Amino acid sequence: MNGLRAVVICLVIACVAAVSPAAAVTPNWSALPVPAAAPPVTVSDLAARGPDEAWATGYEHAADGLRPMLYRWDRTKWTRDTTFPGAGEPGRLGKIQLVGEEVWILQDRAGAGQILRRSAGGWSAVPLPQTLWTYQDFTAVPGAAWVVGEDDTGLKVLHYDGSGWTAQSTPDGVLFLMGITARTSTDVWAWADTSTGTTALRWDGTVWRDAKVPLPPNSNVHTIMLEPSGRVTIGGSQYTDGVARTYLMTRTGHAWRTTYPPLGDTSTEAMVRGPDGALWLPVRSDRAFQSKYARVEGIRTTFSYGPQRTNAIDVKPRALARAGSSLMSFGTVEIYGSKPNLMSERLGG
């Protein structure tokens, strides 16, 4: 009888572990050394073309102001790239876009905006047609690029068609564009602050329109992911009685599905689709010496920790990217007694 009872208990435990919506797992995250910058540093973005090529951007807080920061992964190690235009000047680097065989990066060069382009012939720059107060976001695909921000006259949407720039109009009531992303030159999405709340917009090659996305009430948007399959995933926060909780919306076909994974008020800005088909994003860690990541697949959410870092008091992955069959992160680590500097981690590979 006692033996049968033990078997039943073991089966129950196994079933609970299999269906639990939130559980801790231990994938094999490993640390990747990164040459130090001038701390404290700020990480902007990470993008990978595969296991052999990845790029990370940001800026360091040098004694004479902000300095742009660019790192390249070559399958075996991270190295700092200082060969791009404006590398030794004040400024910062923002979002990275891999366009065909080229690398495109939004750059604030001493207040003036431009797009850095790296091709087989090396680095070049495409200056923006005007200086903006704020360079909020950037996206690029073959044949087109967009930069959104503000100047003294208000919202600006700047479109590059490969030969020149034009300014685009947005629907009435749009106050500010918080982000933009593109699948093709005629399928571009943006998330906007409007007079009636947060709204998703869509460019169809001719005009910007309200995308009619049924966002949760009292919510904002952190990111929109567009995938080649046509799937669209939106991540953001919904506020109820002043308390934020993370939501995810996925559209396959014409139907939207909203879920609320157990992520608290985690920002989904760094969310990516991993090589395993699940959504991955960094979350606030409850261990000062380790990073923490969430994996969301349907209704199941699991968590994993990065490698332990000696004397660390804060480990923060800031950006994630799929690199072939592995997942890479880039962020900062603060070691006791020093300012935050760079760190990178990899799952798989």
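Buried means under 20% relative accessible area. Ser304 has a relative accessibility of 1%, so this serine counts as buried. Keep in mind that you're looking at a predicted model.

**Ser304**
- You'll find Ser304 in strand β26, which covers residues 300–305.
- Its side chain has a partner: the side chain of Ser304 makes a polar contact with the side chain of Trp29, at 3.1 Å.

**The second largest pocket**
- Rolling a probe the size of a water molecule over the atoms shows where empty space is left.
- The second largest pocket comes out at a volume of about 200 Å³.
- Its lining includes Arg231, Leu248, Thr250, Arg257, Thr259 and Arg273.
- Also part of that lining are Gly277, Ala278, Leu279, Val296, Glu297 and Gly298.
- Three strands, β21 (243–252), β22 (255–259) and β25 (292–297), each give at least two residues to the lining of this pocket.

- Strands of a sheet pair through backbone hydrogen bonds, and they can do it parallel or antiparallel.
- Here, an open sheet of 4 strands runs in the order β15-β16-β17-β18, and the pairing is antiparallel.
- Strands β15 (174–184) and β18 (208–210) sit at the edges with a single partner strand each, so one side of each has no neighbour in the sheet.
- From one strand to the next, the twist averages 30°.
- Follow β15 and you'll see 8 bridges joining it to the antiparallel strand β16 (residues 187–194).

- The peptide bond from Pro39 to Pro40 is cis, with omega near -5°.
- Pro40 belongs to the loop between β2 (29–32) and β3 (41–50).
- Arg75 isn't a glycine, yet it has a positive phi of about 90°.
- Look for Arg75 in the loop between β5 (65–73) and β6 (78–80).
- With 47% relative accessibility, Arg75 counts as partly exposed.
- Asn218 isn't a glycine either, and it has a positive phi of about 55°.
- The loop between β18 and β19 (219–226) is where Asn218 lies.
- Is Asn218 buried or exposed? At 60% relative accessibility, Asn218 counts as exposed, because the cut-off for exposed is over 50%.

Definitions and conventions. Residues are numbered from 1 along each chain as its sequence is written. This is a predicted model: local features need pLDDT of at least 70, side-chain atom pairs count only at pLDDT 80 or more; totals for chains, interfaces and linings use all residues. Side-chain values use heavy atoms; hydrogens and water are left out. Buried means under 20% relative accessible area, exposed over 50%, partly exposed in between (1.4 Å probe, protein chains only). A polar contact is a pair of N or O atoms within 3.5 Å; within protein, one must be able to donate a hydrogen and the other to accept it, and residues adjacent in sequence count only if both atoms are side-chain atoms. On a 1 Å grid over the protein atoms alone, a cavity is a set of points where a 1.4 Å probe fits but cannot get out, and a pocket is an open set with protein on both sides within 12 Å along at least five of seven lines; lining residues have an atom within 4 Å of a point. Grid points are joined across faces, edges and corners, and a volume is the space filled by probe spheres set on the points. Two strands pair if DSSP finds at least two bridges between them. Axes are lines fitted to C-alpha atoms, for helices over the stretch in contact, and angles run from 0 to 180 degrees between N-to-C directions.
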